[in-house]
Amino acid sequence: MKPVRADSLDTSADRGPPLIRAHGLSKTYITDSGGVTALKSLDFEIYDGEFVSVIGQSGCGKSTLLKVLAGLLPYTTGSVELNGKPLRGPTPQAAVVFQSPVLLPWRTLLDNVLLPIEFRKLPMASYRQSAADLLEMVGLSDFTQRYPFELSGGMQQRVALVRALVQDPRLLLMDEPFGALDAMTREQMNLELLRIWSHSRKTVIFITHSIAEAVFLSDRVIAMTARPGTIAEVITIDLPRPRALSSINTERFGRYAAKLRSLLDAQGGMF
Ligand SMILES: Nc1ncnc2c1ncn2[C@@H]1O[C@H](COP(=O)(O)OP(=O)(O)O)[C@@H](O)[C@H]1O
Ligand SMILES: [Mg+2]
């Protein structure tokens, strides 16, 4: 049995029932020219508090998988359970962060963060403080009354992350959230995400194109095949936490990255 790490779930010991259980999950889009099978017969389980990345080449079905897990897209066959119950549509238990922060330009940061609360007709007053606290946690407390155009891309994506967290979801679904940021900002965002994750104990499913990002962040990495997307292999990343950027230069990190590289190369590379 592996030792239990301080800020991560032991991936081998008794983890209780999974938060997500997908069985025989397939998704075929119906188009004018026939069907496009994006996902085919996926079986996987994700446990409470885990950080799991999904990596695979463009068009292999990563975003499709995320939208299915968010309840935003119906699947074709198989089953998906969230917390032991069949997933039938969007749920406050799961929040999504997309690659583009999609902030409303005419609303202040605080009001952007409170958007899902307003949308779900929850009592705004009782969420105002937690929204302000979360903005403080990501270093934006001086910006609560500012507008999105006054922020850098990294800051905007922090707001999108806070907006997802304000509903206190159990599951955070992230679709290449830092893909549009420059390399330095992206590294900072990765560190910040790990800090938030270790404090908030959310379960995270993180989609990325970057092998280094997947290894750096994750407890496990799901490597997908080319379309129709199936699971090529699931790799457990047994690197100590908390992780520092310097861990990227270690031999163990390099071995995980090389393993993922060879899996993706076997699918015809990343593009
Ligand atoms: N709404 C749609 N209708 C038809 N085909 C789609 C639709 N959305 C995605 N696809 C197709 O499904 C496949 C998987 O897409 P996607 O999940 O976006 O992949 P990824 O995020 O890995 O790049 C692609 O071949 C894409 O063209
Ligand atoms: Mg995508």
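In helix α8, the residues Phe253, Tyr256, Ala257, Leu260, Leu263 and Leu264 are buried. These residues cover an arc of only 120° around the axis, which puts them on the same side of α8. The pattern follows from helix geometry: an α-helix has 3.6 residues a turn, so residues three or four places apart point the same way. The buried residues of α8 are covered by elements that include β3 (51-55), α7 (211-217), β9 (220-224) and β10 (231-236). The structure described here is a predicted model.

With 14 residues, 124-137, α4 should span 20 Å at 1.5 Å a residue, and the distance of 20 Å between its end C-alpha atoms agrees. Within α4, Ala131, Leu134 and Leu135 are buried. Seen down the helix axis, the buried residues of α4 fall within an arc of 95°, so they line one face of the helix. That buried side packs against α2 (109-113) and α5. On the face turned away from the buried side, α4 carries the exposed residues Ala125, Gln129 and Glu136. After α4 comes Gly139, which has a positive phi, near 75°.

Helix α5, one of the packing partners of α4, also holds Arg158. Is Arg158 buried or exposed? The relative accessible area of Arg158 is 17%; a residue under 20% counts as buried, and Arg158 is therefore buried. Setting aside residues up to four places away in sequence, Arg158 touches Val138, Leu140, Met189 and Glu192.

The account now turns to the empty space in the model. Rolling a probe the size of a water molecule over the atoms shows where such space is left. The largest pocket holds about 550 Å³ of space. It is lined by 21 residues, of which Ala94, Ala95, Val96, Pro116 and Gln167 are the closest to its centre. The elements giving two or more residues to this lining are β6 (94-97), α3 (115-119) and α5 (153-165). Strand β6 supplies the largest share, 4 residues. By residue type, the lining of the largest pocket divides into 16 nonpolar, 3 polar and 2 charged residues.

Definitions and conventions: Residues numbered from 1 in each chain as written. Chains lettered and ligands numbered in written order. Predicted model: local features only at pLDDT ≥ 70, side-chain atom pairs only at ≥ 80, totals over all residues. Heavy atoms only, no water. Buried < 20%, exposed > 50% of the residue type's maximum accessible area, 1.4 Å probe, protein only. Arc of directions from axis to C-beta. Contact = heavy atoms within 4.5 Å. 1 Å grid on protein atoms, 1.4 Å probe; cavity = no way out; pocket = protein on both sides within 12 Å on 5 of 7 lines; lining within 4 Å. Points joined across faces, edges and corners; volume = space filled by probe spheres on them. Nonpolar A, V, L, I, M, F, W, Y, C, P; charged D, E, K, R; others polar. Expected span 1.5 Å × (residues − 1).
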